[in-house]
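Welcome! Please take a moment to look over the sequence and the 3D picture below before reading on.

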Amino acid sequence: MSCEITSKDRAGIINPMFDCQPAGAQYAGIGVKDSIPLVHGGQGCSMFVRLLFAQHFKENFDIASTSLHEESAVFGGNKRMEEGVQVLVNRYPELRVIPIITTCSTEVIGDDVEGTINVLNRWLKENHPYRKVHLVPVHTPSFKGSHVSGYDECVKAMVKTMSKTKAKPNGKLNVFPGWVNPGDVVLLKSYLKDMGVDATVFMDTEDFDSPMLPDKTNHTHGRTTVEDFQGAPNAVGSIALARYEGASAAEYLRDEFEVPAIVSPTPYGIKNTDDMLEAISRLTGREIPDSLVRERGIALDALQDLAHMFFADKKVALFGHPDLVIGLAQFCREVQLKPVLLLLGDDNNKYKKDPRILELKNSVDHDMQVVCNADLWDLERRIRDKEVELDLIMGHSKGRYIAIDNNIPMVRVGFPTFDRAGLYRKPTIGYKGAMELGEAIANALFAHMEYNKNKEWILNTW
């Protein structure tokens, strides 16, 4: 059996599975309370990203744009940047953070973001002497990386801008969960509470699943505050749950302020969740409570009911964020599914050396392909040309037509998922997430069996 790890050499993209760096930076920016990201580029660089967030979360988010036109392409867009920040500060008295997110056009022009921020800080001091607004330079050219690296860059930039000094230890744990759903954040916070850990989640997106209250107030915003960033250097430690989505911020705090940091495997499945809880225990000295041992046991029982009878030897293709895809591949192996194709959609050369991929390479007992710099055409072509035979596809909603056209069941997971209701509030990480994910896989296979009259009688006796 073999595992082949390759990078697609391509001149273009057909049906991309990833968005651009500024999209990821915008997602990180809206995860902060009293923050409005300012996208320094064309209007579409924010408009279409806001649409994507609205599709996924069914909510609206405040994202501003400098709305560059032809004049800025010739003479530079620094003036538009100044005007954008001034309008936001004057219009929103509660605003405390403005991530200034560059795009391909402004990076090519070479606009001086840091220099403009110095000018704006002087303007703030003169015109708003009693306000502190943190202007965060976020360099995210769209011609490299993806929304995954853009998210990582923005989180690190905000930590560097607002986490300036080390003071008295605050006893808290910094948690960088990566690009996960509100349901994952809620579950993670419940685990921390059960362990008695006082933690700060960067970025806390729980309120992206916002309530509709009698007073008609809008609660769709991030929960992470300026004070959370300022306190990050004083924490007992940092744990990053995604190697490519926030880990660089944890490593910065380690290198700059000697805050102990652990980059834990993304907690998809049982073992990865075990590793996460043990890492939290090591950093904080807190024990893992019986309540989580019980939840683990319930998840194991639920997955055992499905694994051998329905999952064994089923071949799966996975696409999406690298930490998600690798974590799901590990979870598949736990429940006897066979991950035969892993598609990662950007040009990060670190994927090939990822220890989790190397561990999969050394342990799989079937043929497996890992394709970096891939697009969804890779998946479609391989199915069409019968290079791979699949029983299941797992990924976000952009791959739905491939599954439909080829009559392959699909489980929606990752970002964006917009053609199934409420997935953003369901956890996929942790023990409960493993159980939810296993049952979603089973139900997709069951529905497929029924529609295709393929051994559906088994469901009568199961």
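The model is predicted, so to speak of local features a pLDDT of at least 70 is needed, side-chain atom pairs count only at pLDDT 80 or more, and totals for chains, interfaces and linings use all residues. Residues are numbered from 1 along each chain as its sequence is written, and side-chain values use heavy atoms, with hydrogens and water left out.

**Helices that pack together**

Two packed helices are described by the angle between their axes and the distance between the axes. Helices (H or I, at least four residues) and strands (E, at least two) are DSSP runs, numbered from the N terminus. Axes are lines fitted to C-alpha atoms, for helices over the stretch in contact, and angles run from 0 to 180 degrees between N-to-C directions.

| Helix pair | Angle between axes | Distance between axes |
|---|---|---|
| Helix 1 and helix 7 | about 45° | 6 Å |
| Helix 7 and helix 10 | roughly 30° | within 7 Å |
| Helix 11 and helix 17 | roughly 170° | within 9 Å |

Angles under 35 degrees count as roughly parallel, over 145 as roughly antiparallel, 65 to 115 as roughly perpendicular and the rest as oblique.

Start with helix 1 (residues 21–29) and helix 7 (residues 147–162). At their angle of about 45°, these two helices are therefore oblique to each other.

From helix 7 come D152, V155, K156, V159 and K160, while helix 10 brings A247, S248, A249, Y252 and L253. By class, that contact holds 6 nonpolar, 1 polar and 3 charged residues.

How are helix 11 and helix 17 oriented to each other? They are roughly antiparallel, therefore. I270, T273, D274 and L277 of helix 11 touch G430, Y431 and A434 of helix 17. The contact of helix 11 with helix 17 is made up of 4 nonpolar, 2 polar and 1 charged residues.

**Two pockets**

Rolling a probe the size of a water molecule over the atoms shows where empty space is left. On a 1 Å grid over the protein atoms alone, a pocket is an open set of points where a 1.4 Å probe fits, with protein on both sides within 12 Å along at least five of seven lines, and lining residues have an atom within 4 Å of a point. Grid points are joined across faces, edges and corners, and a volume is the space filled by probe spheres set on the points.

The largest pocket has a volume of about 800 Å³. Its lining has 39 residues, with M410, V411, R412, V413 and L423 nearest the centre. Helix 17 gives the most to this lining, with 7 residues. The lining of the largest pocket divides into 22 nonpolar, 10 polar and 7 charged residues.

The second largest pocket holds about 630 Å³ of space. Of its 23 lining residues, S149, D152, Y244, N348 and K350 lie nearest the centre. Helix 7 supplies the largest share of this lining, 5 residues. Here the classes are 6 nonpolar, 6 polar and 11 charged.

**Backbone details**

A cis peptide bond joins F202 and M203, with omega about 5°, and M203 sits in the loop between strand 7 and helix 9. The bond from F415 to P416 is cis too, with omega near 0°; P416 belongs to the loop between strand 14 and helix 17.

Key: Ala, Val, Leu, Ile, Met, Phe, Trp, Tyr, Cys and Pro count as nonpolar, Asp, Glu, Lys and Arg as charged, and the others, Gly among them, as polar. Contact means heavy atoms within 4.5 Å.
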